[in-house]
Amino acid sequence: MDIRAQVSMVFHLDKCIGCHTCSLACKNVWTDRPGAEYMWWNNVETKPGTGFPTLWEDQSHYKGGWKLNGKNLELLSQNKLDAFIKLFYNPNQPGLEDYYEPWTYQYENLFTAPEGDDQPTAIPVSQITGEPVDIVAGPNWDDDLSGSPLYAENDVNLDELTDEEREQLFEIERISMMYLPRICNHCANPSCVASCPSGALYKRGEDGIVLVNQDMCKGWRACVTACPYKKIYYNWKTGKSEKCILCYPKLETGQVPNCFQSCVGRIRYLGVLLYDADRIAACMSVPNHALIESQRSAICDPYDPKIIALARKNGISEEFIDAAQKSPIYKYVMKWKLALPLHIEYRTMPMLFYVPPLLPVMGKMDNGHYANTIDGFFSGLESARLPIKYLANLFSAGNVEIIEYVMKKLIAVRYYRRSLDMGDIDLVQINRMMREGNVSPEEAEEIYRLTALATVDQRFVIPPLQREEAISETCNPELCRGSCGLGVPVNVERGP
Amino acid sequence: MMDTFLFIALPYVAFVICVIGTIIRIKKWPVSYSALSSQFLEPKALMWGSVPWHIGIVVITVGHLLAFCFPGLWQSMMGKAEILLATETIGFAAGVVCLAGLIVLILRRIGSSKVQAVTSTMDLIILGLLLAQVLLGLAVALHYKYGAAWVSGTASPYLFSLFTLQPNLQFIQDLPVAVKAHMVLAYLLILLIPFSRLIHMFAVPLQYVFRPAQNVVWNNPRHSEASEANYQQEEARREFIKGAAGITLGCGVLAIGTVDKVYNFFFGPRLSAKEEEEIMSTRLKRLQMTANQRKLELERQTSNFILVSALSDLKANEGKYFIDFNMNTAMAFAGEDGLPILMSAKCTHLGCTVSNQVDEKGQVLCPCHVSFFDVKTGKPNAGAPAKNPLPMLPWAIMDKRGKVIAERAASGQITGDTALSSIKECNVYITRDLEGKA
C-alpha cells in the first residue's frame, strides 16, 4: 500500500445560490492577465446547461478522460504514438469559439468622444485583437437557464431521459435548475498529467495538488484535450497551459483558497483524505455503476493504526494525519456517503465531491400545492422535478440507487430537524423515515451541524504544509500571479 | 572573398551561436520557449498548414541529414537508378507538401487578426526565410536534377571538411548560385534558431514514449528520506531474492539436463531397423568417399602421369572436370588444333569452381562473381572481379602402350609429334610439373 494524502474538497450544492462570488475571487487574483482573460479556473454553471466551455461533458467530441480497454485504462484523446502527430494539430482541442472571445469596453470613449448629436457609447472590443467585437458568448452565457432551447436542452446529461421527463423539466412554472460550481478536481488519476508530452504536469506528493510546471510546459496542448472537465486552459499569450492551483501559495501559509474563502453560501469544505495510490488504476477499471463504491474503497480510514503507520512510512507528517482524522471531507464522503464526485465515469478519480441538491425534489402540483406530504415524500423522488436519473448522470455514472440513498438521507435529516424544532411530525413517522434514510439521530445531528452551523475551522481543516522544509523562498500570491509550480516565482512571458 | 565569408565564416558562426544560444536559452530561460501554438485562436486553417508543413519538413530534413551524415552509404544507394528516382520523387513531393503548408500558414498569419495578435517580427522573418528556402530547394530540385546523387561529390565533402575543421571550398565553388543561396539561407536559419520560435524543434517530447502515465513530485525531504530507508530495506531483500532465484534457476537447469539424459538412456526412443540401416549405409558411403579421396591423393603423390580422358572424348564446347595434382578441380577441352587444353577450374578471384560450359564467345563463366575466362588463354574479361588468368596445366599424350607422343611443359612449350593422325587414338594425361612445384 502506498498511502498518500490529498487535500480534497466537498461542495454542498443545496447551499449554492449561484452568485459567482467564487469565480470573481479567483479571477481577480489569478486570471486577469493578458492571455488568461477567458480562463475561469472556478466557474459556476447552471444545470441543466451546456456549461463552460460549451458542451464540455460531450466526450465523443472532446475526448477527455480515460476509457476502459479490456482491463487497461487508456487515454481517450491519444496513445503514445499518435500523440506525436497531434503535436502539430490537436483535432479535439477546444478553440476560442468553444469558450468566448474575451472583451472589454472602450470606456475612455465616454470621456474623449468629440461633441456630437448622440451620446458617446462604450463599444465592446476584443481583448485579443483590440477590434470591436460582436458578443455572441460569454462565461455563464446560459446562467439561470437563459436561452434554454439553445443551451439547457442540449445538456448531454439529459440524453438518457425520457421525453416525458424532459418535457416536465422544462415546463413553464415548474422549470427547475441547480448550480454547479466547478474548479479543478485535483484528480488522483489525472488524465492531464498522463497526456502531457513534456511531463510538465505533475501531482504534488504531499497534498495531491495538480500543477503545471511553466518551465517545462512546451505548449503541446494535449492536457487541454485530455482533461475531461476542461479545467486546463491554454494561455494564448504565453503559449503555455494553466490551471487551478488550489491557491497553493495561500494553502501553504495556512489560508483558505480564494473561492472557498469568498463563498457566500458557505457551501465549500476543505480537508485531507488518505488514499491508497497503489489501488488507483485497479479501482478506476471497474464497470460504470460500481465506480463510486470502487473509489471509496481506495480511500483509507485515518483512524486505522495500520494506515497511520503506512502513512508515516511514506513521510506524511503527524499534522497531516491529524487533519485527516478531523477532515470534514472524510465525513461527507466516507462516513455519511453523502458527497459524490462529478462524472466519475471519466475515471480520473476526482477528489472534489458534491453533495447533490435536495431542493428541486418536489412532488407534482396538486390544487396549487406541492404534494409533499410526509406519507408521500419518498414517492416524490420518482417524480422529482429534477429527475433522479439526471443527477445520477452527473454524480454517480448513471447509478440511480446511489443518488436515491443520498436523497433519502438528506430528507430524513431535514425532517428530523423539523420534528425537533417544530414538533409537528409524528415520532413514528420520523423513525420510519430515519430507518429508510439509513441514518441514526446522532448522525443526523452531526450532519445537520456540519451542514448548517459549521464554523470556519470546521469547514476548512488545513494542515500545515511544511513549505519551509521544501522551499526556501516564500511565495507572495501577488508575486506568483501567472506563475505556477514550485520554487522561485518566474514571470511567464511569451518568448521570441 | 565573398565565398570565404559565406561558406566558411558564416557556417562556423551560425553553428557556434546556435549551439551556445540554444543551450543558454534551454537551461537559463526555459520558461521562454514553447511550441507557441495558435491553434486555440484559429484552428481551421492551422490544420491544413501545420500538419503538411511539419510532416514535409521532417521528411526533407531527415533526407538532408542522411546525405550529409552517411555520404558513403548514401552514394552507394544513389548509384542505383531506381533508388535515386524514388528518393528524388519522395523529396520533391515532400517539398511541395511543405510549400503548400507554408503558404497556408503565411496566409493565415497575415489574414487572421487573432493570429496577428500573437505574431512577432521574428515570426515574419522566419516565415519569409522558410518560404525562400523551400522555393529555392524546389527550384534546385527541378533545374539541377538528381541532387541526391551529385550532393555526394559536392556539398557532403564540403560539409565534412567544415566538420573536420579543414574547410575546403573546392567542392562547392562551381555550384550554381541557387544551390549556394540555399546553403546560405540554411546557415541563416540555423543562426536564428535560439532567437526565434524555431527553438521549439528541440522540445520534441521523445521522452513521452517511455515515461509512466502519472508524475508525482514530492517536495518534502521527509518523503525522500522515508523512501530511501524503505529502498535500502527492500534492496537487501531484493538482493537476497535475486541470489536465491539465481541458485534455484541454476540447480533447476542442471536437474533438467540430468533427468533428460538419464531418462533418454533408459526410456528414450529406439531406432527402427530401417533407420539403423540408413544410418549405417550413410556412414559406409562417407567412408567410401574418404577412401576414394585418399586414393586420388595417393595416386597424385606416387605417379607422374594421371589419366584425364581419351583425346577423342574431349569436346570443344564442354569441359571435362578432373582433379589435378594439387587436388583442385580442373577441366579439359579439345582445342581447335586437335590438341587438348587443360586449365585449372579454380577461379583466381575467390576460388569458386568455374563452369565447364563454353559460350559463343569462347568463354567460361565463374558463377560466383561473374568473371568470364577465355578458354584458349585462360584470361579473364576486362572488368571482371578476377584479375589473373586461369593457369594452364602441363599435359602429355600417350599411346595405348604408354609411349609419350607429345607433351606440353609447364612453360607452355609443346614438343613431340602433334600430327592429328598419330595422336587421335591416344589418351591425355596430366604430368607432374617436375621443374616447378607440381
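A surface patch here is made of residues with over 30% relative accessible area and no salt bridge, with like charges joined within 9 Å and nonpolar side chains (Val, Leu, Ile, Met, Phe, Trp, Tyr) joined within 5 Å. Accessible areas come from the Shrake-Rupley method with a 1.4 Å probe, and for residues only the protein chains shown count as cover. A salt bridge is a side-chain nitrogen of Lys or Arg within 4 Å of a carboxyl oxygen of Asp or Glu.

This is a predicted model, in which local features need pLDDT of at least 70, side-chain atom pairs count only at pLDDT 80 or more, and totals for chains, interfaces and linings use all residues. Residues are numbered from 1 along each chain as its sequence is written, chains are lettered from A and ligands numbered from 1 in the order in which they are written, and side-chain values use heavy atoms, with hydrogens and water left out.

**Surface patches**

On chain B, a nonpolar surface patch is made up of Phe15(B), Val16(B), Val19(B), Ile20(B), Ile23(B), Ile24(B) and Phe163(B), which together have about 670 Å² of accessible area. Helix α1 (residues 2-28) of chain B gives the most to this patch, with six residues. Ile23(B) is placed in helix α1 of chain B. Helices (H or I, at least four residues) and strands (E, at least two) are DSSP runs, numbered from the N terminus.

Chain A has a negative patch on its surface, formed by Asp163(A), Glu164(A), Glu167(A) and Glu171(A). Asp and Glu count as negative and Lys and Arg as positive, while His and the chain ends are not counted. The place of a charge is taken as NZ of Lys, CZ of Arg, CG of Asp or CD of Glu. Glu167(A) sits in helix α5 (residues 163-169) of chain A. Its relative accessible area is 60%, so Glu167(A) is exposed. Exposed means over 50% relative accessible area, buried under 20%, and partly exposed in between (1.4 Å probe, protein chains only).

**Salt bridges**

Over all chains, the structure holds 30 salt bridges.

| Salt bridge | N to O distance |
|---|---|
| Asp207(A) and Arg204(A) | 2.6 Å |
| Glu445(A) and Arg449(A) | 3.5 Å |
| Arg238(B) and Glu235(B) | 2.8 Å |

Asp207(A) and Arg204(A) are both buried. Glu445(A) and Arg449(A) share helix α18 (residues 441-453) of chain A, where they are four residues apart, about one turn of the helix. Arg449(A) counts as partly exposed because its relative accessibility is 47%.

In chain B, Arg238(B) and Glu235(B) lie three residues apart in helix α10 (residues 221-267), about one turn of the helix. Arg238(B) has a relative accessible area of 33% and is therefore partly exposed. Glu235(B), at 23% relative accessibility, also counts as partly exposed. In chain A, salt bridges that share partners join Arg417(A), Asp421(A), Glu445(A) and Arg449(A) into one network.

**Domains and separations**

Chain B is divided into domain 1 (2-205) and domain 2 (302-431), with bounds from an automatic or database domain assignment. Taken over C-alpha atoms, the centres of these two domains of chain B are separated by 64 Å.

Pro391(B) lies in the loop between β7 (371-374) and β8 (395-398) of chain B, and is partly exposed with a relative accessible area of 42%. Its C-alpha atom is 64 Å from that of Pro52(B), 339 residues away along the chain.
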